[in-house]
Amino acid sequence: MGKKAVRDRRGLRCRPSLDRLEDRLTPSATTLSPLLQSPTAYVALRPNTPVMPFGTPARKATFIDPTVSIKDGHTVVVGYQNFIGPYATLDGRGGAIKIGNKSNILDNARIIARPAGANKGTVVLIGDQVVISYGATVEGPSTIGGYFAAGQPTYVGPGALIDGATIQPGAWVGTRARVGPGVTIPAGLQVLPGKNVTTEAEATSPALGFVAPLTSAQISTLSQTLSENAALAFGYTQLYQGDSSTGVNLGANPVITGIYNGDLAKVLGSNSDPGPSYVSYETSRSAPAFLTPRQGVLGMILPTFPGRLTGDVQISMRAWRAAHRLGRANAIRADQGQPISIASIAGTGRHVTINAPLGGSVAIGSSFQADTGAIILGGPNVTTTLGNSVTIGSNAVVDRSSLGSGSS
């Protein structure tokens with residue numbers, strides 16, 4: 001990463017055109033007119049990225065991380081106050097995706113309207129107050145949660161798969177669980193971690209051992225998760241478009257103040273988090289830190305870093321070496337909990353996620369390895385600790401647990 005490349009990216013500005021999206025739907029988008037209403041949603045195309053809808057005040061806007069992969073944005077429609085995390089995939093090809101309001105599609109999650117073998121025109125509906133957690137997959141035709149009064153908090157856990165199923169408002173799908181085609185999970189029930197639910201009997205009868213009543217602790221955790229991610233959407237929107245030095249955006253409604261030309265360099269690569277004024281679990285606004293030749297581990301802003309690192313991430317390696325050891329589409333975010341510390345990285349695969357939501361932390365020793373799709377999570381008041389020479393397998397989830405040195 002040469003100095004020139006960093007300097008050039010820091011100067012990057014995003015100035016959407018004067019055209020207002022509401023006034024010029026493409027023919028493809030027009031066919032989605034029923035999905036654009038009730039609740040109102042907008043197609044996920046510029047100028048609606050990374051903040052949408054374009055020209056919206058930060059407290060109401062959706063934030064889509066610049067690393068998100070949107071495939072056929074004409075068929076992906078999104079409402080207000082959503083947070084869509086790093087390296088998530090919204091694939092509307094051959095069908096359509098609608099995301100309501102105040103929902104979260106978290107790091108490396110995938111929403112696929114038309115999976116292989118499905119009929120053309122399949123739809124994924126994600127309601128209001130829905131969390132699709134880290135590395136989870138939703139394939140059409142599926143419905144998760146509901147809209148308006150029906151939009152109770154609904155959860156799909158890390159690494160889970162919703163395969164053409166319905167998750168009713170107020171239901172919960174556990175870590176690495178699967179819900180198969182045509183199955184409906186009723187409100188008030190949770191699919192237990194790792195279970196494969198393929199029949200309605202398994203989905204509705206706790207006696208069979210696949211589901212159980214949702215607990216008050218889970219409901220509280222879900223409410224906190226939604227609240228914190230709404231705050232992150234606000235905070236990252238402010239980082240992107242809240243700097244008067246880039247100039248007022250001439251395409252925005254002049255009645256609305258504070259809509260500036262967005263600065264992508266502030267929301268790319270290894271970069272700072274929004275800070276404690278937005279997210280209650282943050283203790284300070286900080287940038288990821290790497291080992292330096294003479295000053296120890298030092299925070300630095302690196303918009304061209306080939307991964308998405310935010311907040312108090314501490315890697316005791318030179319930045320260039322860490323960049324070469326991390327696989328493609330790795331997301332390491334300490335913007336809700338911190339610190340996330342890594343002594344050294346031997347190598348990681350693609351789409352690895354490390355996070356510490358709701359005030360957690362993660363401590364990883366030397367020679368850390370993780371295969372493609374691995375997820376490592378801290379949690380509320382919990383430090384996930386991995387010893388030296390630990391290897392996390394492909395698509396495995398380590399959630400608020402600790403592993404000794406040499407574990408694999």
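This is a predicted model: local features need pLDDT of at least 70, side-chain atom pairs count only at pLDDT 80 or more; totals for chains, interfaces and linings use all residues.

Trainee: Why is Gly 275 called buried?
Mentor: Its relative accessible area is 1%. Buried means under 20%. The value falls under the cut-off, so the label holds for Gly 275.

Trainee: Where does Gly 275 sit?
Mentor: In the loop between β24 (270-271) and β25 (289-292).

Trainee: What makes Glu 282 a contact of Gly 275?
Mentor: Contact requires heavy atoms within 4.5 Å. Glu 282 meets that, as do Ser 284 and Arg 285, with neighbours within four places in sequence left aside. A separate value is the C-alpha to C-alpha distance from Gly 275 to Gly 311, which is 8.1 Å across 36 residues of sequence.

Trainee: How do you know whether Ile 332 is buried or exposed?
Mentor: Compare its area with the cut-offs. Exposed needs over 50%, buried under 20%. Ile 332 has a relative accessible area of 1%, so it is buried. It belongs to strand β29 (residues 331-334).

Trainee: Which residues does Ile 332 touch?
Mentor: Arg 308, Leu 309, Thr 310, Val 313, Leu 326, Ile 340, Ile 342 and Ile 354, not counting residues up to four places away in sequence. As for distance, its C-alpha atom is 9.2 Å from that of Ser 270, 62 residues apart along the chain.

Trainee: Why is strand β8 called largely enclosed?
Mentor: Count its buried residues. Five of the five in β8 (residues 95-99) are buried, so the rest of the structure largely encloses it. Gly 95, Ile 97 and Ile 99 point one way, Ala 96 and Lys 98 the other, and all are buried.

Trainee: What makes β8 and strand β11 a pair?
Mentor: A pair needs at least two bridges. β8 and β11 (residues 122-126) have five, in the parallel sense. Lys 98 stands opposite Leu 125 in β11, and Ala 96 has Val 123 as its bridge partner there.

Trainee: Which other strand pairs with β8?
Mentor: Strand β5 (residues 76-78), parallel, over three bridges. Ile 97 in β8 is the bridge partner of Val 76.

Trainee: Which faces of β11 are covered and uncovered?
Mentor: Thr 122, Val 124 and Ile 126 form the covered face. Val 123 and Leu 125 form the uncovered one. β11 also pairs with strand β14 (residues 142-144), parallel, over three bridges. There, Ile 126 stands opposite Ile 144.

Trainee: Why are β4 and β22 called edge strands?
Mentor: Take the sheet order: β4-β7-β10-β13-β16-β19-β22, seven strands, open, with parallel pairing. β4 (69-71) and β22 (196-197) each have a single partner strand, so one side of each lacks a neighbour in the sheet.

Trainee: Which residues have the most contacts inside the largest nonpolar core?
Mentor: Ile 105 and Ile 132, in a core of 40 residues. β5, β8, β11, β12 (130-132) and β21 (189-191) each supply at least two of its residues. Ile 105 has contacts that include Phe 83, Leu 90, Ile 99, Ile 126 and Ile 132.

Trainee: What lines the largest pocket?
Mentor: 26 residues, with Tyr 155, Trp 172, Thr 221, Asp 399 and Arg 400 nearest its centre. The space is about 420 Å³. α4 gives the largest share of the lining, five residues.

Trainee: How does that lining divide by class?
Mentor: Into 13 nonpolar, eleven polar and two charged residues.

Trainee: What is the lining of the second largest pocket, by class?
Mentor: Four nonpolar, nine polar and three charged residues. Its volume is about 310 Å³. Nearest its centre lie Asn 108, Arg 110, Gly 135, Thr 137 and Asn 395.

Terms used. Residues are numbered from 1 along each chain as its sequence is written. Side-chain values use heavy atoms; hydrogens and water are left out. Buried means under 20% relative accessible area, exposed over 50%, partly exposed in between (1.4 Å probe, protein chains only). Helices (H or I, at least four residues) and strands (E, at least two) are DSSP runs, numbered from the N terminus. A nonpolar core is a set of buried Ala, Val, Leu, Ile, Met, Phe, Trp, Tyr and Cys residues joined through side-chain atoms within 4.5 Å. On a 1 Å grid over the protein atoms alone, a cavity is a set of points where a 1.4 Å probe fits but cannot get out, and a pocket is an open set with protein on both sides within 12 Å along at least five of seven lines; lining residues have an atom within 4 Å of a point. Grid points are joined across faces, edges and corners, and a volume is the space filled by probe spheres set on the points. Ala, Val, Leu, Ile, Met, Phe, Trp, Tyr, Cys and Pro count as nonpolar, Asp, Glu, Lys and Arg as charged, and the others, Gly among them, as polar.
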